[in-house]
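Let's take a walk through this protein model together.

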Amino acid sequence: MTLSSRQAPGDCLIVWKLDRLGRSLPHLLATVGDLKARGVAFRSLTEQMDTTTPQGEFLFHVFGALAQFERSLIQERVQAGLAAAARRGRRGGRPTAIDPEKLAAVTAALEGGATKAAVCRTFGIKRSTLIDSLARIGWSPAGSRREA
């Protein structure tokens with residue numbers, strides 16, 4: 001649900017149920033925080049939550065603390081999973097497009113005077129892949145010759 005700026009300070013946004021306002025608890029908290037910053041109150045009829053009362057405000061602060069705790073736990077689990085995968089010899093990310101042996105042959109060809117276009121045709125790689133791979137290893141042409 002997208003909230004417009006139609007709500008003016010002093011208004012109250014009323015929803016039937018909390019899940020009608022936000023996709024997740026952090027999203028809901030951000031939305032209600034935005035409403036509060038604009039001076040707009042919030043009420044949920046099913047959960048009987050009302051941010052115009054101290055109890056409703058307290059409940060939202062508790063929800064915010066729980067959401068932050070949940071985010072921290074998820075981050076901790078992800079880091080633990082990545083560390084476990086690294087110990088097993090797995091590494092994440094996209095596989096390299098050009099293996100080190102092929103890249104060595106490509107750089108040798110370029111240093112031998114071949115153009116980037118010729119290298120791309122010979123080795124069957126795209127120009128953007130070649131340029132990205134050369135940038136990753138920090139290769140630059142020896143002279144200031146123009147490459148096609």
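On the surface, Ile14, Trp16 and Leu45 make up a nonpolar patch, and together they have about 350 Å² of accessible area. Patch members have over 30% relative accessible area and no salt bridge, and nonpolar side chains are joined within 5 Å. Areas come from the Shrake-Rupley method with a 1.4 Å probe, and a salt bridge is a Lys or Arg side-chain nitrogen within 4 Å of an Asp or Glu carboxyl oxygen.

Keep in mind that this is a predicted model: local features need pLDDT of at least 70, side-chain atom pairs count only at pLDDT 80 or more, and totals for chains, interfaces and linings use all residues. Residues are numbered from 1 along each chain, and side-chain values use heavy atoms, leaving out hydrogens and water.

Leu45 sits in the loop between β2 and β3. Those strands (DSSP E runs of at least two residues) belong to an open three-stranded sheet, ordered β1-β2-β3 with mixed pairing; pairing takes at least two DSSP bridges. Because β1 and β3 are at the edges with a single partner strand each, one side of each has no neighbour in the sheet.

| Strand | Residues |
|---|---|
| β1 | 12-15 |
| β2 | 41-44 |
| β3 | 49-50 |

β2 and β3 pair in the antiparallel sense over two bridges, and serine 44 has methionine 49 as its bridge partner.

Both of those residues are also in contact (heavy atoms within 4.5 Å) with leucine 18, leaving aside its neighbours within four places in sequence.

Terms used
Helices (H or I, at least four residues) and strands (E, at least two) are DSSP runs, numbered from the N terminus. Patches are made of residues with over 30% relative accessible area and no salt bridge: like charges are joined within 9 Å, nonpolar side chains (Val, Leu, Ile, Met, Phe, Trp, Tyr) within 5 Å.
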